[in-house]
Each structure stands twice: as C-alpha cells, then as structure tokens.
Amino acid sequence: MFSSIPLVDQELLLRPFRSNDSTGLYEAVHESLQELKPWMSWATEGYTEMAAGEYISIARARWEEHTFYAFAVTRADEIVGACTLSSIHPLYRFCNLGYWVRTSQRGQGIAGRAAQLVARFAFERLGMIRVEIVIAVGNHASIRVAEKIGAHDEGILLNRMVIGKSIYDAHMYSLLPSDFDLVARL
Ligand SMILES: CC(C)(COP(=O)(O)OP(=O)(O)OC[C@H]1O[C@@H](n2cnc3c(N)ncnc32)[C@H](O)[C@@H]1OP(=O)(O)O)[C@@H](O)C(=O)NCCC(=O)NCCS
C-alpha cells in the first residue's frame, strides 16, 4: 500500500509519515499548540519530539495493518499539517477523516485540499463508500473547511466527541464517491 502513494495536487504532496519526520512533526505541532489544543486531545503543552516519534511508529505500523492511515501533508518538503483516516469499518465501508494545519500555514485552503485528496484515496484505494468528518460544535474553522469542500451537512450528533476532559456535540459531515464522480462499488 505504501507504493500507491504519494497523493499530489498542484502544490501539496501527501505521504505516509517517515521515521525521520519526528523533528519536523514536533516543530509543526509545537508552533500550533494554541490552535490545536482546543480540538485535539493529543495536543498538550507536554508534547515532545519523543511523542512525535512514537506517533509516527504507531501510524506506520497501523498503515501496514490497514487500520489507520496518517498522511504528512507537505509542501516543498516542509510538513504543513496532517490528514488521517481512522475508525475504518471494512464491512460497512466507511471511515473518519481528520485534519490539522500548522499555524503559520493557516488560511490558504490547505486542509480542504488535503481532505479531498485523502477522501479520494479512501474511495479509490480502500473501497470506502462514505467518509465522515466529525467536528465538535464550536470549531468554526473546521466547519468552514467541510463546507468549502462541499461535504454534506447531516446534522448534529449529541455527546459525540470527547476532547480532553470535555464532552461535545458534533456536526456530522460526509463525503461520498459521487462527490468525486466515482461510483460506489461493493
Ligand atoms: C481547521 C483547520 C484545519 C483549517 O485549516 P486551513 O488550511 O487554515 O483551512 P482554510 O484555509 O480553508 O480556512 C478555514 C477557516 O479557518 C479560519 N481561518 C483561516 N485562517 C485563519 C487565521 N489566520 N486566523 C483565524 N481564522 C482563520 C477561517 O474561518 C477560514 O474560513 P474562511 O476561508 O471562510 O475564512 C486549522 O485551523 C486547524 O488545524 N485547526 C486546529 C485543528 C482542528 O480543529 N482540526 C479539525 C478537527 S475536526
């Protein structure tokens, strides 16, 4: 499966995290902590380069198991964010898509472009029929990303997310193969 990537558009290149990405990942997260902390449980003041390395090891192993796909979102060899596919249901063929973009690169539409590349990967390469983007109520920047890429707004799910020590209702957005001119096949 590693051979079926990278995913590219005019500017971005998405690829699996590499073992030697821990410094780059740490720096991207560290500069972004204030934006990440409200929405990502793993983003804490105690985040270290070792934590970045451990994440990369786990992500690479789970990629091989086909249970989790973590893409480094890069531009000109710099890590500008990440995009993941998680909670992959091989039987029912749907999964969750997540994203974050480093603070210095916000506001350029990177998250949406990365999300579209990864959603297409999920449909074409993994045979998914539905990709979900679940966004805590109040995360306006992420809601804008989902809206701008044309994700379907399916409403609000109650008590759908735990972030840190707080419970959130969450917006459910979806992307479907037909949004990419693809046909869902079983
Ligand atoms: C949500 C996030 C991924 C957006 O990434 P991005 O590449 O900046 O996305 P966009 O450029 O499309 O901007 C989306 C919205 O973010 C907000 N935004 C962008 N740049 C901003 C800035 N410099 N200051 C304040 N808000 C900003 C705007 O509301 C924008 O919507 P608009 O285009 O209608 O103005 C990014 O803000 C982030 O990583 N947030 C923390 C992690 C997170 O919440 N992930 C999603 C979990 S569901």
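Pro16 stands opposite Phe71 in strand E3. The model is predicted: local features need pLDDT of at least 70, side-chain atom pairs count only at pLDDT 80 or more, and totals for chains, interfaces and linings use all residues. Residues are numbered from 1 along each chain as its sequence is written, and side-chain values use heavy atoms, without hydrogens and water.

E2 and E3 (residues 69-75) run antiparallel and are joined by four bridges. Strands here are DSSP runs of at least two residues, and helices (H or I) are runs of at least four, numbered from the N terminus. Strands pair if DSSP finds at least two bridges between them. E2 (residues 13-16) also pairs with E1 (residues 7-8), in the antiparallel sense over two bridges. Val8 stands opposite Leu13 in E2. E1 and E2 form a hairpin, with four residues between them.

The ligand is surrounded by 21 residues, counted as near if one of their heavy atoms lies within 4 Å of it. The closest are Tyr99, Gly109, Asn139, Arg144 and Lys148. H5 gives the largest share of the shell, five residues. Elements that supply at least two residues each include helix H5 (140-148), helix H4 (110-124) and strand E5 (94-101).

Polar contacts are pairs of N or O atoms within 3.5 Å; within protein, one must be able to donate a hydrogen and the other to accept it, and residues adjacent in sequence count only if both atoms are side-chain atoms. A polar side-chain atom of Arg144 lies 2.6 Å from a ligand oxygen atom. For an N or O atom in the side chain of Lys148, the distance to a ligand oxygen atom is 2.6 Å.
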